[in-house]
Amino acid sequence: MVVEGTCHYQTEKRPKMAASDTSSQSMASQSKTADAPQTSFEEIEIWLDQHPEFTHDYFARKATRSMIDGWYIATAVSQGVKPAAGDVNHSPNSSSGSNTPVRKVSASDFELREAGGSLGRMVQTVDGSPSFLGPSVTHQGKLSPPVRSRNSINELKQLEDRRILMELVKDIANDLDQNSLCHKILQNVLILTRADRGSLFLVQGKGTENCLLVSKLFDVTIDSTVEESVGKEIVKVAWGKGIVGYVAKTGETVNIANAYEDSRFNCEVDLCTGYKTRSMLSMPIKDPSGEVIGVAEVINKLGGIDKPEAFDETDEQVFEQYLQFCGIGINNARLYQRAMLEVKRNKVLLDLARVIFEEQSTLSSIMRRILELTISLLRCERCSILLVDESPRKRNKRRQIKEKDTGIFSQVYELGTSDLENKGQNINSSSTGSSCRFPVHMGITGFVATTGQTLNISDAYNEPKFDSKCDEQTGFRTKQMLCMPIRNANGTIVGVSLLVNKIDGVAFNKNDEEMFEAFAIFCGLGITNTHMYENACRAVAKQRVALETLSYHATASQEEALRLKKMSIPSNTELGLSKFSFNELRFTEDDMLIAGIRMFHELDFFNKFRINYETMCRWLLSVRKNYRNVTYHNWKHAFSVSQTMFAILKTGQLCNVISDLECMALLVACFCHDLDHRGTNNKYQIMTESSLAQLYSTSVMEHHHFDQCIMILNSKGCEIFNNLSPEDYSQVTRLVEHAILSTDLAVYFKSRGDFFNLVKSKDCDWCDEENREILRGMLMTACDVSAISKPWEVQKEVAELVSGEFFEQGDLERKLNVEPEDMMNREKHHLLPKMQVSFIDAICLPIYKALTIGFEKLYPLKKGTEENRENWLKEGRKGGISGLKEKGVTDEKDVDESEAKSSSKH
């Protein structure tokens with residue numbers, strides 16, 4: 001209740017102590033006093049005074065912090081000095097806070113009613129960045145205030161005034177629970193002033209229009225307990241009204257001998273309770289800065305009934321001296337409470353953030369979670385979230401239409417307390433989102449969406465922006481409203497949250513606003529992240545559709561496959577596929593297709609892996625179709641590499657060393673190893689920061705070739721691996737990937753040292769999987785550069801094609817203001833013989849020599865390469881090129897790797 005005059009005292013009939021109880025208590029007190037060794041204490045004190053060195057040493061070793069605080073406070077009392085706040089011993093108690101129960105925590109739990117109704121702003125700025133942590137010291141875990149054992153009331157009565165004061169100040173310094181502390185303050189005041197009863201009021205809402213005093217404890221007596229006093233009705237006194245209000249406003253002490261003679265006194269309480277108020281002493285309680293934080297009031301000094309006593313000047317002095325420390329104690333308790341609420345509030349927000357960020361699969365699911373948490377946190381009857389669609393505004397901006405507030409609300413999500421209580425049952429469909437299309441500048445939500453301001457409305461029907469038609473249609477009665485914008489990380493308003501009707505019927509307060517302001521930031525991030533996730537899912541779906549479309553156009557038609565299927569396939573002898581000196585330049589594109597089919601026939605892959613003939617035809621046609629028309633890395637090069645692999649497997653009899661599945665994987669990899677080559681190498685892709693370079697960190701083009709290979713193998717009508725078992729399918733896919741990636745010369749340089757050591761050892765075990773993996777990689781490199789071993793006419797023509805493609809890349813590099821390397825520099829074309837010799841010495845001869853050591857039937861590769869080296873030396877001599885290496889490399893260790901890499905065709 002709010003009292004405009006003085007506060008209304010509420011008396012309570014207390015049971016009188018029985019005579020036997022009084023007698024027993026008195027006898028116990030006398031017995032205790034008699035047993036106390038008073039003389040011994042005096043003697044000890046005299047001895048300590050005579051031996052100061054021992055006293056000082058003992059105190060330094062044994063004194064506790066509370067003893068030091070007590071000494072300091074007692075000294076300060078005699079000197080009139082304000083003591084410094086002592087340290088607080090915290091007792092941490094583990095609390096994870098990971099599972100915040102619904103409806104177990106409310107925003108009202110974080111209100112500091114005595115300190116002004118709010119814990120403080122949730123969002124602060126630290127070095128320009130938003131932060132939820134306030135300036136108070138953070139604590140880990142749940143803290144409980146320290147507890148100090150206290151003397152009984154009778155023990156305090158028997159002490160001297162100064163010792164009483166010191167004991168009471170110790171209580172204040174060591175008690176951080178406000179209820180307990182305020183109760184001790186009142187009881188201590190009653191002892192000091194010998195008053196009958198008293199009350200303590202704390203200031204609430206200081207500096208606001210609603211500033212008043214609230215009874216923390218009311219009608220306290222010496223015999224009352226904390227529980228009894230706290231359970232009484234709260235009394236509110238208007239600021240500046242009545243005796244309590246006057247003391248709080250002016251900071252003056254009021255000592256009245258006869259309350260009924262003071263005009264400020266209100267006797268209504270006496271009339272209601274029958275209690276007779278005579279004398280009153282009321283004083284302000286101030287914090288260390290001098291601000292009034294409360295008022296302590298005692299009434300009726302105990303004395304004879306016929307001769308009522310008034311509070312004298314001594315009572316005022318003792319009262320004032322004591323209340324100085326009361327202000328410090330209450331202020332410390334408030335700081336402690338604020339710190340605890342900060343910890344609790346931050347923990348709740350972190351839990352809320354965790355829950356939100358765990359549910360980002362769909363927008364409807366995260367909206368449902370946000371609505372549930374908002375209703376639980378802010379204890380409102382209904383919560384709505386309206387999402388803003390800025391697309392109309394963006395379209396009008398592009399069209400230069402100067403129309404204000406053309407954005408619209410596109411989605412509305414709503415949830416009520418009944419839906420929350422019936423969680424798991426069929427709920428209002430609006431909680432999963434409903435489409436709507438209305439401008440953002442209409443009504444309360446529109447005002448918030450367009451201005452970004454928060455609206456806190458205590459009476460909706462007195463608000464001009466409120467449209468009561470909604471209540472008329474639904475039958476719901478809107479009373480209080482809190483509407484707040486939801487922003488994303490960029491500060492853009494992405495939605496509006498509307499809270500309706502506090503469950504307890506009061507208006508939304510500042511604490512509700514501050515709590516939800518912080519929570520709304522997490523909501524905005526959650527909404528934005530979910531939008532991004534949904535956009536990513538849509539992008540993946542679009543990519544899948546694009547790949548399907550691309551695959552359709554990238555694969556050969558069934559008509560082409562049928563045409564190839566009807567063609568006759570010459571024998572291996574007629575085609576000459578088993579020869580290392582095979583000349584692919586004389587073959588047409590159809591001839592190469594037919595020869596490719598013959599390779600699979602000769603290795604019996606159609607029977608061993610149950611490959612459909614038409615499927616093979618369509619696959620080969622699709623592979624050819626996906627090679628670009630570049631100068632060298634085209635379909636003809638792929639066929640040449642595949643033919644060399646076929647010759648290695650058949651003529652070199654490597655098919656007896658590795659398995660059939662490995663053989664098929666190598667042949668497929670050779671056909672696909674340069675799919676969609678753009679005529680530029682990895683270095684160029686990285687230098688230009690192409691999309692491929694952004695997609696792959698290493699072996700850029702090789703990874704792309706493999707991806708294209710898998711796309712074709714998965715395309716309809718091209719699934720040549722379809723009849724393999726799941727295990728074989730997985731294995732062959734891994735084998736193809738490893739084989740294609742091995743064509744990157746950077747990978748070759750990393751592995752060739754191990755391979756050289758393997759072939760030199762006489763007891764090399766090719767049944768070992770690791771050894772065979774190295775071998776497969778070396779075979780891919782040997783086939784990829786095998787043009788260097790072909791007859792001189794073929795080699796010379798191929799070299800011109802390779803250099804032509806390199807020069808084209810060099811021209812592109814010049815456009816980027818980059819000076820190309822010699823092998824890419826068109827102006828250095830005359831140095832081609834020298835560069836070819838370097839290429840042979842650095843890359844080709846070492847691998848062919850090593851293969852010949854391990855597998856003698858691969859000798860033609862080494863021989864052809866050596867012959868072409870001599871031919872290039874002759875070309876160099878004809879051109880007058882200096883610096884030619886007349887003598888070839890005799891040991892693979894002599895190879896300069898940096899030179900080898902510069903000679904790399906990739």
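This is a predicted model: local features need pLDDT of at least 70, side-chain atom pairs count only at pLDDT 80 or more; totals for chains, interfaces and linings use all residues.
Residues are numbered from 1 along each chain as its sequence is written, and side-chain values use heavy atoms, with hydrogens and water left out.

Let me begin with the charged pairs. The structure holds 30 salt bridges, where a salt bridge is a side-chain nitrogen of Lys or Arg within 4 Å of a carboxyl oxygen of Asp or Glu. One of them joins Glu513 and Lys510, with 3.8 Å from N to O, and both residues belong to helix H17, residues 510-554, where they sit three residues apart, about one turn of the helix. Helices here are DSSP runs (H or I, at least four residues), numbered from the N terminus. Glu513 is buried at a relative accessible area of 16%, whereas Lys510, at 47%, is partly exposed; buried means under 20% relative accessible area, exposed over 50%, and partly exposed in between, with a 1.4 Å probe and protein chains only.

A second pair is Arg826 and Asp811, whose side chains meet in a salt bridge at 2.5 Å, N to O. Arg826 lies in the loop between helix H31 (792-815) and helix H32 (832-854), and Asp811 lies in H31 itself, so this pair ties together parts that are 15 residues apart in sequence. Both count as partly exposed, Arg826 at 41% relative accessibility and Asp811 at 28%.

Lys828 forms a salt bridge with Asp822, and their closest N and O atoms are 2.9 Å apart. Lys828 is partly exposed at 25%, and Asp822 is partly exposed at 38%. Elsewhere, salt bridges that share partners join Arg563, Glu589, Asp590 and Arg624 into one network.

I turn now to the backbone. Arg610 is not a glycine, yet has a positive phi of about 50°; Arg610 lies in the loop between helix H21 (605-608) and helix H22 (613-625), and is exposed, with a relative accessible area of 54%. Asn817, another residue other than glycine, has a positive phi near 60°, is found in the loop between H31 and H32, and counts as exposed at 75% relative accessibility.

Next, the interior. A nonpolar core is a set of buried Ala, Val, Leu, Ile, Met, Phe, Trp, Tyr and Cys residues joined through side-chain atoms within 4.5 Å. Which members of the largest core touch the most other members? Of its 113 residues, they are Phe600, Trp619, Met664, Phe755 and Leu851, and the largest share of this core, 13 residues, comes from H32. Leaving aside neighbours within four places in sequence, Phe600 is in contact (heavy atoms within 4.5 Å) with residues including Phe605, Trp619, Met664 and Phe671. A second, separate core of 34 residues includes Cys380, Cys383, Leu499 and Cys523.

Finally, helix H28, residues 726-741, has 16 residues and reaches 23 Å from its first C-alpha to its last, close to the expected 22 Å, the expected span being 1.5 Å times one less than the number of residues. Among its buried residues are Val732, Leu735, Val736 and Ala739, and what covers the buried residues of H28 includes helices H24 (660-672), H27 (700-713), H29 (745-760) and H30 (769-784).

Conventions
Helices (H or I, at least four residues) and strands (E, at least two) are DSSP runs, numbered from the N terminus.
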